[in-house]
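Subject: Structure handover

Hi,

Here is the structure for you to look through. My notes on it follow below.

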Amino acid sequence: MDDYSIGVLTNIGLFSFLALSAYLLLIAGEMSFGQQAFFGVGAYTGAMFTAIYGMPLPLAALAAMASGAVVAVLVGLPTLRLRGLYFAMATLAAAEMARILFEMLHFQREINGELVGPDGTQGFRGIRWVFERGVEPLEYMALIYALLVAVLALFLWVERSRLGTTLRSVGADPELAASLGIDVTRLKLGVAAAAGALAALGGVLYAHHNTYIEPRNFDIMLGVHSLAYALIGGLGTAFGPLLGVLIDLGLLEGTRFFHAYRMIVFGGLVAVLLVFRPRGLLDERVVHWIHARAFKRA
Amino acid sequence: MLADLIQNTLDGLTAGAAYALLAVGFTLIFGVLRRVNLSYGAAIMLGVYFATWTSHHFQVGLLALALLTIAGAVLAGTYVERLCFAPHYAARDLRTGASSSSIAAMVASFALWMQFEEAAILALPKHLYAFPPLYSGEPLRLGSFLLRVESLYLLAAAIAVCLLLHTILYRTRFGLAVRAVIDVPMAAQLVGMNVSSVFVRIFALASAIGGLAGFLIAASHEQVTPMLGMWSTIKGMLAMMLGGLGSLPGAVAGGLVLGLLEAHSQWYFGPQMRDLIAYLLIFVLLALRPAWMTRWTTIRSAS
């Protein structure tokens, strides 16, 4: 495989984590404008652990996921009882606060005669843990996809379980779910924490792929893109968000077919698609249909 | 010390007037449809770019430029309404929050934002273009303080737009229809009102206000960049949130408060703290939702 294809495929894998994070909240009935912040928290935390404190990547990834979950709970506690658009606005405000805090974060240490660490708007250079260990781009891509497959398997397992049904019932009608004895607030807090950890995992992998991150990477554009990925692909299955990322990054950017008109084509396509399929390509109905067919054959 | 405080207040009012005007258009859409139109700023930017493009190819006066900007914004806004919002009116949950139709409409409007931004860059590919100034003389001197004349235009426009909207909403048949649709969309539909046509006119009106704001802002900055779209959406949304989401007087107040807050916090703490404080205030206000905010968040009932 050539470097360009590896680059495109790696990016598809990385942003899939973020799209899945947005998807998880969407099926629980919450629209977050702020998942990019947890992606950023994961990227910064993980990068600081490997580049400054010299810890191995797996440990850094765990630390990043933990911090993503903690921050998500801290943001979720005051905001999750808000309804709909108010929650979206509050998460947007929180995410922009996080981005500005990254801009204000200066924490540089001298490592091997070189200053390493976040330097405000100048960004964070030299996140070279993966590079220094001679991991080939193809191997790193394989690692990303292995983790993605594990996450997907978890999603599919949860969605088939009782927890998945509870989740979707809360998303469909929180009052009704609460009247059936489901602790909606606690469930949503758990979902927010899991979504935060998932986005943070994507972030730490992203930071070590790019070797350089800056606060601008985690702006609102990234957040809205991840929402759009989940919605284009469909809210019926965890494969939906992946399809969304694939359509944008793979089909449109990867092929470079539309050149300068990419966004005009993509924008129009998304708007028209949502007219006919407001819950995405792989919505609940399509997924049910596929399941029914699959079981009939078996 | 006191002199700085006064000068900052004057500067804050200048920025605040622009924010107020942006927020009024944004609030009109949110208050009536309970939908967020993310491409609101991008449509304004497209209108401004339309006027800029014309002024680079033909000789046009300021008034014509203003009308071109407004026309461009209205066209873009109506396109957004028809493609992103109109298909989702049928859904029964018109008034609730993050229903799937409101998410779909919002994401679709974001998609068109991307479209507008690319169209603008294709039409005028340089990063920065000059825009004819609104006023080329000296700023006003009030004692030792300076006040930009443009800010008076912006403030006057904000007040005029509010009075006009108040008249439309509470003195005309169209206003009555709008308030009836806000109250109970289903009932309005049952008595034979065309809800969709009310919404498209609200969108056109909001875009015209946005276009006016865009023209005045571009003419007082004397330059345009594609960033104007994102900037307008964010500032309009922030001011709307400060004003309590859905109230027109609240939007004006929110715009002015945002302008003043930014001017003072920038002076004392720098530009990063300025933005941080604005977002923190909004986060706290949304999380706490104090009673005074919920009281004036809606347009008065039709009955």
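Two residues are in contact if their C-beta atoms, placed from the backbone, lie within 7 Å. Please keep in mind that this is a predicted model.

**Where the chains meet**

By that test, 33 residues of chain B are in contact with 37 residues of chain A. Which helices of chain B each supply at least two residues of the side that touches chain A? They are helix 3 (62-85), helix 4 (100-123) and helix 11 (271-288). Helix 4 of chain B gives the most, with 15 residues. By class, this side of chain B has 23 nonpolar, 7 polar and 3 charged residues.

Of its 24 residues, 20 are buried, so helix 4 of chain B is largely enclosed by the rest of the structure.

**A helix pair in chain B**

Now turn to helix 1 (residues 2-33) and helix 9 (residues 228-242) of chain B. They pack at an angle of about 75°, with their axes 8 Å apart. The two helices of chain B, helix 1 and helix 9, are therefore roughly perpendicular to each other. On the helix 1 side, the contact is made by Tyr19(B), Ala20(B), Leu22(B), Ala23(B), Gly25(B), Phe26(B), Thr27(B) and Phe30(B). Helix 9 of chain B brings Ser232(B), Lys235(B), Gly236(B), Met237(B), Ala239(B) and Met240(B). By class, the contact has 9 nonpolar, 4 polar and 1 charged residues.

**The sheet in chain A**

Chain A has an open sheet of 3 strands, in the order 1-2-3, with antiparallel pairing. Strand 1 (109-111) and strand 3 (124-125) of chain A stand at the edges. Each has a single partner strand, so one side of each is left without a neighbour in the sheet. Strand 2 (residues 114-118) and strand 3 of chain A pair over 2 bridges, in the antiparallel sense. The bridge partner of Pro118(A) in strand 3 of chain A is Phe124(A). Helix 2 (residues 35-51) of chain A packs on the sheet, touching strand 2 and strand 3. The direction of helix 2 of chain A makes about 155° with that of strand 2 of chain A.

**One residue in chain A**

Ala95(A) is found in helix 4 (residues 84-104) of chain A. Is Ala95(A) buried or exposed? A residue needs 20 or more other C-beta atoms within 10 Å to be buried. Ala95(A) has 26 C-beta neighbours inside 10 Å, so Ala95(A) counts as buried. Leaving aside neighbours within four places in sequence, Ala95(A) is in contact with Phe33(A), Gly34(A), Gln36(A), Ala37(A), Ile220(A) and Gly223(A). Ile213(A) is 118 residues from Ala95(A) along the chain, and their C-alpha atoms are separated by 16 Å.

**Two positive phi values**

Most residues other than glycine have a negative phi. Asn112(A) is not a glycine, yet has a positive phi of about 50°. Asn112(A) lies in the loop between strand 1 and strand 2 of chain A. Asn112(A) is exposed, with 6 other C-beta atoms within 10 Å.

In chain B, phi of Glu222(B) is near 60°, also a positive value in a residue other than glycine. Glu222(B) is in the loop between helix 8 (195-221) and strand 4 (223-224) of chain B. With 13 other C-beta atoms within 10 Å, Glu222(B) is partly exposed.

Best wishes

How values were computed. Residues numbered from 1 in each chain as written. Chains lettered and ligands numbered in written order. Predicted model: local features only at pLDDT ≥ 70, side-chain atom pairs only at ≥ 80, totals over all residues. Helix = DSSP H or I, 4+ residues; strand = E, 2+ residues; numbered from the N terminus. Nonpolar A, V, L, I, M, F, W, Y, C, P; charged D, E, K, R; others polar. Axes fitted to C-alpha atoms, helices over the stretch in contact; angles between N-to-C directions. Parallel < 35°, antiparallel > 145°, perpendicular 65-115°, else oblique. Buried ≥ 20, exposed ≤ 12 C-beta atoms within 10 Å, placed from the backbone. Pairing = 2+ DSSP bridges.
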